Amino acid sequence: MLKIPGYEDGPLVQGTAYLADPFFWPVHLGTCLRGEDARRAAFGADWDAAMELYRVLSAEREWPVFSVPLSSGHTIHVVYRNIKGDHGVDYLIHHPAWSTAETLAVDDGHFMGPGMAWPELLSAARQPATEGVDDPDARLLLLFPTLGDAHLPGDATATLTSALTAFTVIEEPAEVARMLLEHQGQWTPAHWWLEDGVRINAGGHSHRNPSNAFALPAPRLSEISHALNGGAATGHPTSG
């Protein structure tokens, strides 16, 4: 059984095998697909097959986990939290020096986020890895629901379209990419900026907004910012 320090709620299992199923991706991105047109474009005639996969992913007996290692030694864990009446996807980050994982974002009815800006999403996706999820396009799609960025570059749609083309059977990947970027996560796209070299945002539901009472402590914000942006953690990883 898998273990994530501080996350002891359920039977965690490796979910990597699901990544090869093209139906996994529209299911995983489902909360970012707003409205009937978006769902029709993403699922097409495959709705029944996708919903059957969703039922498997949501089964209480197993909680699929997808791990995305970063160059800094941190790992992002994407966990399908299959508690009866409280299903959702938790995006956690952990370093071996920490006693417990921290929450980047939560994708459910009581959402928390955003967890990443667009440059961080690209950086995390493209960092090399020899274990866990190692394909850059798969990492991009897997972490996409953490995104909430009000300032996207002009090539964002093309980048996301390329990932969707590589891993899905969506007939119009460019249109679905446009819809995904229009809505992003469940939160309002946030404004991000650097403060003393640390990327933070103004999102009212984000753990990375220092103004929020539930924000991560400053040392964690700094370390996570550096890890996501491809740099070494500030100083030595903070313990505790």
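**Figure 1. Elements lining the largest pocket of the predicted model.** α1 (24–28), α2 (35–43), α3 (47–57), β3 (75–83) and β4 (86–94) each give at least two residues to the lining of the largest pocket. Helices (H or I, at least four residues) and strands (E, at least two) are DSSP runs, numbered from the N terminus. The pocket holds about 420 Å³ of space. A pocket is an open set of points on a 1 Å grid over the protein atoms alone, where a 1.4 Å probe fits, with protein on both sides within 12 Å along at least five of seven lines; lining residues have an atom within 4 Å of a point. A volume is the space filled by probe spheres set on the points, which are joined across faces, edges and corners. Of the 20 lining residues, Val27, His28, Gly30, Thr31 and Tyr54 lie nearest the centre.

This is a predicted model: local features need pLDDT of at least 70, side-chain atom pairs count only at pLDDT 80 or more, and totals for chains, interfaces and linings use all residues. Residues are numbered from 1 along each chain as its sequence is written, and side-chain values use heavy atoms, with hydrogens and water left out.

**Figure 2. The second largest pocket.** About 280 Å³ of space lies here. Its lining has 19 residues, with Ser67, Pro69, Thr75, Glu131 and Gly132 closest to the centre. β2 (63–69) and β3 are the elements that supply two or more lining residues. The largest share, three residues, comes from β2.

Figure 3. Strands pair if DSSP finds at least two bridges between them. β1 (residues 12–14) runs parallel to β2, joined by three bridges; Val13 stands opposite Pro64. β3 runs antiparallel to β2, with five bridges. Pro69 has Thr75 as its bridge partner in β3. Five residues separate the strands of this hairpin, where Gly73 takes a positive phi near 100°.

**Figure 4. Gln127 in its loop.** Gln127 sits between α4 (118–126) and α5 (136–143). Gln127 is buried, at 7% relative accessible area. Its side chain reaches the backbone oxygen of Leu228 at 3.5 Å. Beyond neighbours within four places in sequence, Gln127 is in contact (heavy atoms within 4.5 Å) with residues including Leu70, Ser71, Arg139 and Asn229.

Notes: Buried < 20%, exposed > 50% of the residue type's maximum accessible area, 1.4 Å probe, protein only. Polar contact = N/O pair within 3.5 Å; in protein donor to acceptor, adjacent residues only side chain to side chain.
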